[in-house]
Amino acid sequence: MRSWYDIRDAASGDAEILIYDEIGAFGITAKQFADDLKSVGKAARITLRINSPGGSVFDGLAIHNSLKRLSARKTVWIDGIAASIASVIAMAGDEIVMPENAMMMIHDPAGIVVGTAPEMRAMAEALDRIKGGLVSAYRDRTRKPEADIEQLMAAETWLTANDAVAAGFADRVDKPIRATARFDLSRFRNAPAVLADEHLADDPLKEDSMPDAAPPAPATEMAPAPDPMPGPETVEARVRAETLAYAREVSDLCALAGVPQRAAAFIAAATSLSEVRNALIEARARADEQAVIDGGRDPRTPKAPPADHGWGPVIARMFSTKQES
């Protein structure tokens, strides 16, 4: 199974950790990360390299806490972007270094819920609690007032390396590098146009997304011009990724609506996500019309929603869909 991270333990007392994909992806959780993290043993120094668009908020917070507990000195390098929950993981570093062309992004957590007003209020309360944990991680690192951090998160703020250092999210700027793992950033509302175009240029499913850095070409050589058209393998990988992402979204929406059996029909008909949402909402509205209303209850004290809202998979993938931080 592909992994979104790699942990390399060196006998010299140094260890290297690479987070080079969507956090919590491919069915690999923070628990497995924590188990693998034990391999660094009593390393005195850890280099953590990040190039990630974010992912599961709960996995990300667990990883941040696991790293904070280590006694080793931790140096974090942002090799491309540290967006959403990936930026929270970066806050675990004793020193955070950003190449001049790297970026960091922080924003509010988000989730999806299909249900009643009490269920939606419960989701909003859960998101508020989650945001409080994220704000604490940023506050402890930057020493900025919580109100200032909350404003930056609400605005979905993208920070250049110099911006991050000035605001306390990083310690120093280094010479620019070329990152190797690229991602679709279209799900973020404020992603810089240049950065979004650049990250869409390469295939996000390359198996070599976590390679050792290649030596730079001699200055006297001219880099070859990029191919004007992507190759068939690249196109196939992109189509496969988009198809899997679409199927996961449809399945999540149907599960949250309490009708998981409808997902197969939607997927077979290639129904758009907006049409899926509308169909599920209409079905829920028809069901509500048929429900017996209890006129004896005070509407200001709604019944508590069921214990299992079915939100776990969706909240766990937020900061991506989704979204984060």
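User: Is H64 buried or exposed?

Analyst: H64 counts as buried, because its relative accessibility is 8%. Buried means under 20% relative accessible area, exposed over 50%, and partly exposed in between, with a 1.4 Å probe and protein chains only. Keep in mind that this is a predicted model, where local features need pLDDT of at least 70, side-chain atom pairs count only at pLDDT 80 or more, and totals for chains, interfaces and linings use all residues. Residues are numbered from 1 along each chain as its sequence is written, and side-chain values use heavy atoms, with hydrogens and water left out.

User: Where is H64 found?

Analyst: H64 is in helix α2, residues 57-69. Helices (H or I, at least four residues) and strands (E, at least two) are DSSP runs, numbered from the N terminus.

User: And what does H64 touch?

Analyst: Leaving out residues up to four places away in sequence, H64 touches V88, I89, M91, A92 and A137. Contact here means heavy atoms within 4.5 Å.

User: New topic, aromatics. How many aromatic pairs are there?

Analyst: Four aromatic pairs. Rings of Phe, Tyr and Trp (its six-membered ring) pair if their centres lie within 6.5 Å; planes under 30 degrees apart count as stacked, over 60 as edge-to-face and the rest as tilted. Take Y5 and F33: their ring centres are 5.0 Å apart and the planes sit at 70°, so that pair is edge-to-face.

User: Which parts of the chain does that pair link?

Analyst: Distant ones: Y5 is in strand β1 (residues 5-9) and F33 in helix α1 (residues 30-37), 28 residues apart. Both Y5 and F33 are buried, and together with W4 they form one aromatic cluster.

User: What about Y138 and F169?

Analyst: Y138 and F169 are an edge-to-face pair too, at 5.7 Å centre to centre with 70° between the planes. This pair also links distant parts of the chain, 31 residues apart, with Y138 in helix α4 (residues 117-142) and F169 in the loop between α6 (161-167) and β8 (172-174). Y138 counts as buried because its relative accessibility is 0%, and F169 is buried at 0% as well.

User: What does the side chain of S84 make a polar contact with?

Analyst: The side chain of H107, at 2.9 Å. A polar contact is a pair of N or O atoms within 3.5 Å; within protein, one must be able to donate a hydrogen and the other to accept it, and residues adjacent in sequence count only if both atoms are side-chain atoms.

User: And phi of E156, what is that?

Analyst: Near 50°, again positive in a residue other than glycine. E156 is in the loop between α5 (146-154) and β7 (157-160), and it is buried, with a relative accessible area of 3%.

User: Zooming out, how many helices and strands are in the chain?

Analyst: Eleven helices and eight strands. Of the 325 residues, 42% count as buried.
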